[in-house]
Amino acid sequence: MFFSILNTVLIVSGISGFLALLLVVAEHFFANYGECEIDINKGKKIIKVKGGSSLLSTLNENKIYLASACGGRGSCGFCKCTVNSGAGPLLPTEKPFLSNVEIKENVRLSCQVKIKEDIKIEIEESIFNIRKFKGKVEKIVDLTYDIKELTIKLIEPNDVSFKAGQYVQLEAPKYEKSKQPISRAYSISCTPEMKGYIQLIIRRVPEGICTTYVFDYLKENDVINLTGPFGDFLIQETDADMIFIAGGSGKAPIKSMVEFLTAKNCERRMVYMFGARTQKDLYFTEMFENFENKLANFKYVPVLSQPEKDSDWQGRTGYIPKYFDEFIINPKNTEAYLCGSPGMLSAVVKVLKQKGVPEDKIYFDSF
Ligand SMILES: Cc1cc2nc3c(=O)[nH]c(=O)nc-3n(C[C@H](O)[C@H](O)[C@H](O)COP(=O)(O)OP(=O)(O)OC[C@H]3O[C@@H](n4cnc5c(N)ncnc54)[C@H](O)[C@@H]3O)c2cc1C
Ligand code: FES
């Protein structure tokens, strides 16, 4: 009896799965949505497009670049925009990234919305300034065993205007490990004053598509495609104290910010707590010690979580928040700038709030 029910369930699910697959294949090959109209920002721009692709990729083809850190896989939640009509029902893949307020306000993930009819959307005006550009990789430097710095000379256009803390999307072309070009987000690590160039700091992710390309295939003098600048992880123009917390390649946007503040002779009280596992993970130490010499109130504090047993490390060790009392002098008037994994961010934000740093003064980029 039990086996006959199980058999029936398996057969029914098999048939439904097959029919669903058939529908997807049929839609891919035979659906023809014809010409559709995308109305952007209440008629400010209207574009005619061929239906059938995602809103994100269709906008990209029309040189309107929404943020996308996962290349349209529905896993980063960056590609949000308001869709007032023509989007179809909200998909289960979108829900985890949208708050109840956003759902009420018709915010959608543009990579999950397929264009099948005329559609009305709203995007931030600043998105019209985002460009695709080409750059020549002038220099690749190993900063540690798993972190590289790329210096890219911009060739078309030959300059890009960005703010310290912003990021670009780097396109890894189709190669052995990837059947199609994919883009990933990388924070710009140089100061905006370095005209005509951008620098990136990239950490290898084992089996990662883009980082494997960068580490094992990309060579000096190669030309790469970038899009940007994106992001609102920016220095607030106040006189509050600043604490920066980031380890690994999270140093990229912090370096850009500190370099920028150094050029401006900023006198705000600032501390950068750089978390690393061992001495092998430290880099740009001398550079940040030089910032200490140039800036009136800047302190660089590397903290090792697991220094090797026989190491000669004399600096701080353990968990970064253990040192907050020493460096956060006036919590109510402190801004925190954090960069790291979602797990690291939520743990650090919790302690910062307990120490009295106001939640609305905690800014972060989640890598
Ligand atoms: C706003 C923003 C700025 C960023 N800036 C930088 C930067 O300056 N430098 C930098 O190195 N990276 C940065 N990242 C991360 C970067 O965009 C990529 O996610 C990362 O390089 C992995 O890409 P991949 O294609 O090699 O790996 P994927 O092919 O996307 O991933 C392969 C596997 O690794 C896992 N994975 C993905 N990312 C990580 C990770 N970081 N650690 C551990 N496992 C991971 C995935 O879950 C997957 O299983 C940034 C991300 C964001 C959102
Ligand atoms: S592009 Fe990442 S979720 Fe849409």
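I'll walk through a helix pair, a ligand site and a few backbone features of this structure. Keep in mind that this is a predicted model.

Let's start with the helices. Two packed helices are described by the angle between their axes and the distance between the axes. Our pair is α5, residues 251-263, and α6, residues 285-294. They pack at an angle of about 30°. Their axes are 10 Å apart. Angles under 35 degrees count as roughly parallel, so α5 and α6 are roughly parallel to each other. As for handedness, α5 passes α6 in a left-handed crossing.

Which residues make the contact? From α5, we have Lys251, Lys255, Val258, Glu259 and Thr262. From α6, we have Met287, Phe288, Phe291 and Lys294.

Now the ligand. There are 21 residues around ligand 1. Which of them come nearest? Those are Arg184, Ala185, Tyr186, Cys210 and Thr211.

The backbone takes part here too. Look at Ser187: one of its backbone N or O atoms lies 3.1 Å from an oxygen atom of ligand 1. Next, Arg203: a polar backbone atom of this residue is 2.9 Å from an oxygen atom of ligand 1. Then Ile201: here a backbone N or O atom lies 2.8 Å from a nitrogen atom of the ligand.

Last topic, backbone geometry. Where are the cis peptide bonds to look at? One joins Glu156 and Pro157, with omega about -5°. Pro157 sits in the loop between β7 (147-156) and β8 (167-172). Another cis peptide bond joins Gly228 and Pro229, again with omega about -5°. Pro229 is placed in strand β11, residues 223-230.

One more residue for your notes: Asn41. What is its phi, positive or negative? Positive, at about 50°, although Asn41 is not a glycine. You'll find Asn41 in the loop between β1 (35-40) and β2 (45-50).

That's the tour. Thanks, everyone.

Terms used
Residues are numbered from 1 along each chain as its sequence is written. Chains are lettered from A and ligands numbered from 1 in the order in which they are written. This is a predicted model: local features need pLDDT of at least 70, side-chain atom pairs count only at pLDDT 80 or more; totals for chains, interfaces and linings use all residues. Side-chain values use heavy atoms; hydrogens and water are left out. Axes are lines fitted to C-alpha atoms, for helices over the stretch in contact, and angles run from 0 to 180 degrees between N-to-C directions. Helices (H or I, at least four residues) and strands (E, at least two) are DSSP runs, numbered from the N terminus. Angles under 35 degrees count as roughly parallel, over 145 as roughly antiparallel, 65 to 115 as roughly perpendicular and the rest as oblique. A crossing is left-handed if the near helix is turned anticlockwise from the far one by less than a right angle, and right-handed if clockwise. Contact means heavy atoms within 4.5 Å. A residue is near a molecule or strand if one of its heavy atoms lies within 4 Å of it. A polar contact is a pair of N or O atoms within 3.5 Å; within protein, one must be able to donate a hydrogen and the other to accept it, and residues adjacent in sequence count only if both atoms are side-chain atoms.
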